[in-house]
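Colleague: I am new to this structure and would like a close look at one part of it. Please begin with the whole and then go to the part.

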Amino acid sequence: MQAVLIESTGGPEVLAVRDVPDPSPGEGQVLVDVEAVGVNFRDVYEREGRPPYGQDLPAVVGSEGAGRVAGTGERVAWLDVPGSYAGRVAAPREELVPVPDGVSAETAAAVMLQGCTAHYLAADSHPVAEGEWVVVHSAAGGVGLLLTQLVRLRGGHVLATTSTGEKAELARAAGADEVVVGYDGFAERARELTDGEGVAAVYDGVGRTTFADGLRALRPTGRMVVYGASSGQPEPLEVQSLASHGSLYVQRPTLGTYTRTPQLLRELAGRVLGLVADGRLDVRVGGRYPLADARRAHEDLEGRRTTGKLLLLP
């Protein structure tokens, strides 16, 4: 089978397509024929060797996908199975989630990681209440588009930020009430929209360049939820400053926490896939690439040249 592996860490150029033997399932594992693979920033971190994603080399990259169990044809998806940039993967049975009828393999692969992330953000990190305003940064990205929809499904209002006007239109199409292009001034706009009170939560996947202003955008006892850091980690936080901003909460959640048992994984993924199957959650695929074009997919992802989700197709 074909697989995309790295023999050394580095830029997109270290991604190499090779013919390798099929994996051999171990105890509790099954062999899965991969039909679609999700491309994520965690794959970039894996390629670069960033903790905690570094691994022994050579190694096949990737962790998210969808396909069929070899021999039974069961339709399944996953979000944390190493070696997913391949034609086949040996996956722990307990980490596979059933894909409902009406949801394609491509859609399932596109929504697992980002959809589960968006769902726990809107339902657990800060459970959005009817009528609340929240900020969603990078609202035209994979998580952002899904999170915007989920906030609106809960009756909340979204102040979105995007990097371009074209992406602003995508955010509005997903349900954003207001959009700030370029990120500058979003805290002031948040105050204006809430009669000076501030928003209930800021969902921040950007990090360093938006964190400080995000604190200023929050209402008293509001929640800053930093789930990513595409611009780098925020500056160290003086905990006492949360008092002067209005007794704020700050969380750095991870998807691993919310899917730390097979039961939690299946419950969360089941809710997300159920919303997709019911037509209540729209999944945007921003690009499809042959497995052999993994390098180009990474270049496009890191270059911010895409919106929605990128997929590799074995």
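Among contacts in the protein between residues at least 6 apart in sequence, what percentage join residues at least 24 apart? After that, please take me through the largest nonpolar core and its surroundings.

Modeller: The model is predicted. Of the contacts between residues at least 6 apart in sequence, 65% join residues at least 24 apart. The protein has 10 helices and 16 strands. Its radius of gyration is 20 Å, close to the 20 Å that the globule rule gives for 314 residues, so the protein is as compact as a globular protein of that length. Along the principal axes, the C-alpha atoms fill a box of roughly 60 × 40 × 35 Å. Of the 314 residues, 51% count as buried. The accessible surface is about 13400 Å², and 47% of that surface belongs to carbon and sulfur atoms.

Now the core. In soluble globular proteins, nonpolar side chains tend to be buried together. Here the largest nonpolar core has 50 residues. Leu121, Val134, Leu147, Val151 and Tyr203 are those with the most contacts inside this core. Several helices and strands give two or more residues to the core, among them helix 2 (105-125), strand 9 (133-136), helix 3 (142-153), strand 10 (157-162) and strand 12 (199-204). Helix 4 (165-174), helix 8 (255-258) and helix 9 (262-277) are also in that group. Helix 2 gives the largest share, 12 residues.

Leucine 147 touches Ala118, Leu121, Ala122, Val136 and Tyr203, leaving out residues up to four places away in sequence. The other is valine 151, which is found in helix 3. Valine 151 has a relative accessible area of 0%, and because buried means under 20%, this residue counts as buried. With neighbours within four places in sequence set aside, valine 151 is in contact with Ala122, Val128, Val134, Gly156, His157, Val158 and Tyr203.

Glutamate 46 is found in helix 1 and is buried, with a relative accessible area of 5%. Helix 1 (residues 41-48) is mostly covered, with 6 of its 8 residues buried. Those buried residues are Arg42, Asp43, Val44, Tyr45, Glu46 and Arg47. They pack against strand 1 (2-6), strand 3 (29-39), strand 4 (59-60), helix 2 and helix 10 (294-302).

Beyond helix 1 the backbone has some features to look at. Glycine 49 follows helix 1 and has a positive phi, near 80 degrees. A cis peptide bond joins proline 51 and proline 52, with omega about 0 degrees. Another cis peptide bond joins leucine 57 and proline 58, again with omega about 0 degrees. Proline 52 lies in the loop between helix 1 and strand 4, and proline 58 is placed in the loop between helix 1 and strand 4 as well.

Terms used:
Residues numbered from 1 in each chain as written. Predicted model: local features only at pLDDT ≥ 70, side-chain atom pairs only at ≥ 80, totals over all residues. Heavy atoms only, no water. Helix = DSSP H or I, 4+ residues; strand = E, 2+ residues; numbered from the N terminus. Rg over C-alpha atoms; globule rule 2.2 N^0.38 Å. Buried < 20%, exposed > 50% of the residue type's maximum accessible area, 1.4 Å probe, protein only. Contact = heavy atoms within 4.5 Å. Areas by Shrake-Rupley, 256 points an atom, 1.4 Å probe, with all protein chains shown as cover. Core = buried A, V, L, I, M, F, W, Y, C linked by side-chain atoms within 4.5 Å.
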